[in-house]
Amino acid sequence: MHSSEHTPAQSVAPATLQLGQYQAAVDAKIQEFNAKSFTAGFWQKDAALWVQDEAGQQSIRSFMGWLRVAETMMEAVPEIEAFVREVKAAGFRHVVVMGMGGSTMAPIVFKAAFTGEGGLPLSVLDTTDPGTVRQLEESVPLAETLFIVASKSGTTAEPLAFGDYFYDKLRQLKGDKAGENFVAITDPGSKFVTAATEQGYRRIFLNFAEVGGRFSALSYFGLVPAALYGIDIRELLSRSLVMMRACGSEGDVATNPGLELGVALGVLAQQERDKLTLVVPEVLSDFGLWLEQLIAESTGKEGLGVLPVAGEPVREPAVYGQDRVFVYVGYAGDADAANRSAVAALEAAGHPIIRIDMSGPLDLGAEFFRWEVATAVASAVLGINPFDQPNVQAAKTATDRLMKEVEANGQLPQSQSPAATENGISYFSAVQGGSAAEVLQAFLAQARPGDYLCLQAYLTESPALNAGLQELRTRVQNQYHIATTSGYGPRFLHSTGQYHKGGPDTGLFVQFTVDHPQDLPLPGRSYTFGTFKNAQAQGDLEALHSFNRRTLRIHLGADAEQGLQTVLAALPA
Ligand SMILES: O=P(O)(O)OC[C@H]1O[C@H](O)[C@H](O)[C@@H](O)[C@@H]1O
């Protein structure tokens, strides 16, 4: 057993790595990295530490702006705070952040981890699901809501659709003054800058081309919503800077919190401990969404990667395979007894364990940085470029093609015939079976050690659905001992979707779809939110097939919650 502590005063949250039998391999990699002065090279953006091809190296050098973005943003704090005062003085009562993937993940984490005291209530929209869009619209005071359209590229279809949808609503209320309620966060020179200017947006925050989406938590993308929500962004950033110095440009990898963690994760993945299973107290559950995107999109490519497993029911050692590393992130002094004792039992059973105890939610600023460094370093161990997402495009391309068919024919092409239809629910898969139970059984029987079940819910999120999806994960854990992940679509397409297609061929993908009786039209477009979302589901299924992934689509009919219960009832005991 080996443990390393980082606990000086005015310092970063302590991390303890209990790696057991894997410590020797991690130590060997640390020595190898020290011998080539990895720490210095990392800060000098020496791209040869990651990949050897010139194009890959060029991409790496041009996306390392996140290393110092917290310093730059410290100087922007007065500007952001003045903006918050302006917005409050103008009478706004609510903030909605709209975007996908890295552009909205940090606000999602902040919303759950902080109370919002002293700030404006915050909502995040990152789905084309018409039910969710409608719920959001009904839950905010439209005329007094500030809408932040967040898109680095300014070309992502979803945020542009959200912006147009709500701009149209505001025009109906305020005519030419609609733009007062809109803010853009995007890269300089993006097409969206022109559109937002023409529409009279209140403010356009220009972010940094050299900061990629999933590394943008500590840039305008994370900090403008954070400040509006009442978070002390100066303190958040100053804690990031403490971590940044701790991860600083010289010295032994073994005493560098980000580098050591990254080497450990990379080496563990090479030793087939590639399911990074996050255990957190309830208030930090959305930290898992942020970490999922960072790790899965950065490392899940070329058949390699670390699979983040977030939100999985924490269980007794007997249900797990030998492919896990457990990471506990919580608050020092918070009992969180059930989680901590479960992790202790897993440690006693021989699983590698990493524990991080923050002093409070403002430490998230430091943790964002630690995990960004660790993810970049784990990618160096694996020999891949952490800053591209080559396989996300496969789903987008398939969706675009399907949307052209919608424009031409007024509807999506019919999909294949189901393997089984029972109680109004249809099951589509390459596996055969005469009944729902047989199809489910045949599909899940493909599970091998090291595989994972991936639930992809293109549904309106609700507590009942969350409970049903958790029940499904628990049942599969019990019976097949494989890792289980779960995500709502289309959110995960901009996150773990990269790993699903680009990572190892170990996924068993179950896609849930539903009818859209409560659809919503999109202004200026010939299609609805519902059609767009269906095309995204169908497009991603095609993309998964093009990578020969094992899939099962379950169409739940009109009532998703009831449909999911019917599926659970059909699941072999
Ligand atoms: O901020 P945007 O340019 O709109 O991008 C939003 C997201 O979409 C893409 O699909 C990428 O895979 C993500 O890494 C990115 O965070």
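**Group meeting: how this chain is put together**

Okay, so of the chain's 573 residues, 52% come out as buried, meaning 20 or more other C-beta atoms, placed from the backbone, within 10 Å of a residue's own. Bear in mind this is a predicted model: local features need pLDDT of at least 70, side-chain atom pairs count only at pLDDT 80 or more, and totals for chains, interfaces and linings use all residues. Numbering starts from 1 along each chain, as its sequence is written.

Now the overall shape. The C-alpha trace spans about 60 × 60 × 50 Å along its principal axes. The radius of gyration is 23 Å, and that agrees with a compact globule because one of 573 residues would sit near 25 Å; that's over C-alpha atoms, with the rule being 2.2 Å times the number of residues to the power 0.38.

For secondary structure, we've got 20 helices and 16 strands, taken as DSSP runs: H or I of at least four residues, E of at least two, numbered from the N terminus.

On to domains. An automatic or database assignment gives domain 1 as 10–42 + 254–382, domain 2 as 67–231 and domain 3 as 392–569. The C-alpha centres of domains 1 and 2 are 30 Å apart.

How values were computed:
Buried ≥ 20, exposed ≤ 12 C-beta atoms within 10 Å, placed from the backbone.
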